2 protein chains.
Amino acid sequence: MTNFQRARSEEQRAVRRQAILDTTAAMLEEMPVGEVSLNELSRRVGLAKSNVLRYFESREAILLELLDRAWQQWVADLPALVHAGVDQGAPVSRRAEQFAAVIAASLAGRQVLCDLLSAQAGVLEHNVSLQVAARYKRAAVANVADIAALAHQHLPELGASAPQLTAAMIMAVGAVWTHARPSPAMLSAYEADPSLTAFKLDFVTTLQEMLATLTAGTIARESA
Amino acid sequence: MTNFQRARSEEQRAVRRQAILDTTAAMLEEMPVGEVSLNELSRRVGLAKSNVLRYFESREAILLELLDRAWQQWVADLPALVHAGVDQGAPVSRRAEQFAAVIAASLAGRQVLCDLLSAQAGVLEHNVSLQVAARYKRAAVANVADIAALAHQHLPELGASAPQLTAAMIMAVGAVWTHARPSPAMLSAYEADPSLTAFKLDFVTTLQEMLATLTAGTIARESA
C-alpha cells in the first residue's frame, strides 16, 4: 500500500468514526442514554453493526468518547462564564455562591453531557476493554483538573481541596440529573398529589444549591 | 366466604408477599440490583411468574418495597449510633464531622440499601404505577424527615435546612456508591496503571468526606 493510499484510508477511517459519533450525538438529543442501541445507531449511520464495531469496540465505547468530547467542550466554555459571573472583589461566601450558580446555569442547556455524566460509572464504564476504560479515566482526570484549576483561581480559599470539590461536584451533577428526571409514573404521582409536588426537583435549582453547599463546606473545612 | 376463611386467605397472602420480599432480599446479597430478574426470582420462590405478579405489579415494585424496608431499618438504627458517635459538648465543626462519620460508617455494611438507593430514581421508580410511585415517595419523604429530625437534634445549627441537607446526603449516598463500584474493566485499568490508582474510590472514605462537606456547607450557609 502506498503512503497516499494509507493516508486516504486513515482519513476515511476518521470520517467514519466522526459520522458514528455525530449520529450518536444526534440520537442523544432525542432519547436518553439507555435507549441508544447499536442496532438503531447502525441503521441511522448506514453501516452494518459489525462494521460500526470495527471503529468502536462497543456502544459504551462510543458513548464514553462522546462524554469526553462534551465534557471538554464544557471545560472550554467555563472560564469565560466563570469570569463573567464571579465578582473577584466580593467576599469569599459571595464568590462561592456565584461560582455554584455559574456552574449550574452552564449545565442547563447541556442535557447530553448531564445524561452521560449520570451514566458514566454505572453504565458506560462497563462493556469496554481495559484500554478504553483507562483512556477514558485519564481524560476524565484531566477534565476534573482543568475545572479544579478554574475553581481555585476564583476561590483560592479552596486551598488543596479544589480537585476533591470538583470530583464531588461531578458526582452531584449526575445524581441531581437522575433525580430531576422523574419517571412517567412519578410525574403522574406529583400531579395527582399536591403534597408530593414539593419533592419534584428542578435540575438547575437543586444542582445550584448542592454545588453551593459543597463549595461552602469545602472552604469551611479548609479554613478549620 | 366466612370471616375465618377470609382471614386465613389474607394471612396466606401476607406470607406469600413476605416470601417474595425475603427471596429478593437474599438475591440482592448475591448480585447487584440490575441482575435481579423476575424469572430467577419466581424460580427461587417456587411460584409462576404470573403468580408473583399477583402480589406485586412488577420487579421494580418489589424492589421499591425492599428499599423502603431497608431504609426504615437504617432509620431505626441511626439514633443510637448518632448518640454514641456525636459528642454533644463539642463545637459545631467537630459535631458536623462526627455526624458525617457516623452516617458513612453506618452504611458500610448496608450494601443492599446503598445499591437500591443508587437505583431508585433512574431504575426503580420506572415500570410502576402511579399508586406505587406515590406510596414509595411518601415513604421516602417520611424517611428523610426522620433523619432530618435526628440531624437537627445533634446539629441545631442546621436550622431549617436539615431536610434539604438530608435529601442531598441521600443523593450523595447513591452517587458515591455507584462511583465506588468500578466495572471489571476499570478495576483492571486501576491495577495496570498506578497513576490511575489514586482515583479508585473507597466507598466509606469518599462518602464520609462528601457528607462532612455537605454538612459543613449547610451550616456555613445557614449562619451566613
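Q: How far apart do the C-alpha centres of domain 1 of chain A and domain 2 of chain A lie?
A: They lie 28 Å apart. Keep in mind that this is a predicted model.

Q: Where are those domains in the chain A numbering?
A: Domain 1 covers 1–56 and domain 2 covers 58–222.

Q: How much area is buried between domain 1 and domain 2 of chain A?
A: About 1200 Å², with 70% of that from carbon and sulfur atoms. On the domain 1 side, Leu21(A), Val33(A) and Phe56(A) supply 45% of the area buried against domain 2, more than any other three residues.

Q: How many salt bridges does the rule find across that domain interface?
A: It finds 1. There's a salt bridge in chain A between the side chains of Arg17(A) and Glu65(A), at 2.9 Å from N to O.

Q: Switching to the two chains: how much do chain B and chain A bury between them?
A: About 3800 Å², and 72% of it is on carbon and sulfur atoms. In chain B, the residues that lose the most area to chain A are Met171(B), Met186(B) and Arg221(B), together 18% of what that side buries.

Q: And how many salt bridges are there across the interface of chain B and chain A?
A: The rule finds 6. Asp193(B) forms a salt bridge with Arg138(A), with the closest N and O atoms 2.9 Å apart.

Q: Which helix of chain B gives the largest share of the side that touches chain A?
A: Helix 11 of chain B, with 11 residues. By class, that side of chain B has 26 nonpolar, 13 polar and 7 charged residues.

Definitions and conventions
Residues numbered from 1 in each chain as written. Chains lettered and ligands numbered in written order. Predicted model: local features only at pLDDT ≥ 70, side-chain atom pairs only at ≥ 80, totals over all residues. Heavy atoms only, no water. Buried area = accessible area lost by both parts, 1.4 Å probe. Salt bridge = Lys/Arg side-chain N within 4 Å of Asp/Glu carboxyl O. Helix = DSSP H or I, 4+ residues; strand = E, 2+ residues; numbered from the N terminus. Nonpolar A, V, L, I, M, F, W, Y, C, P; charged D, E, K, R; others polar. Domains from an automatic or database assignment.
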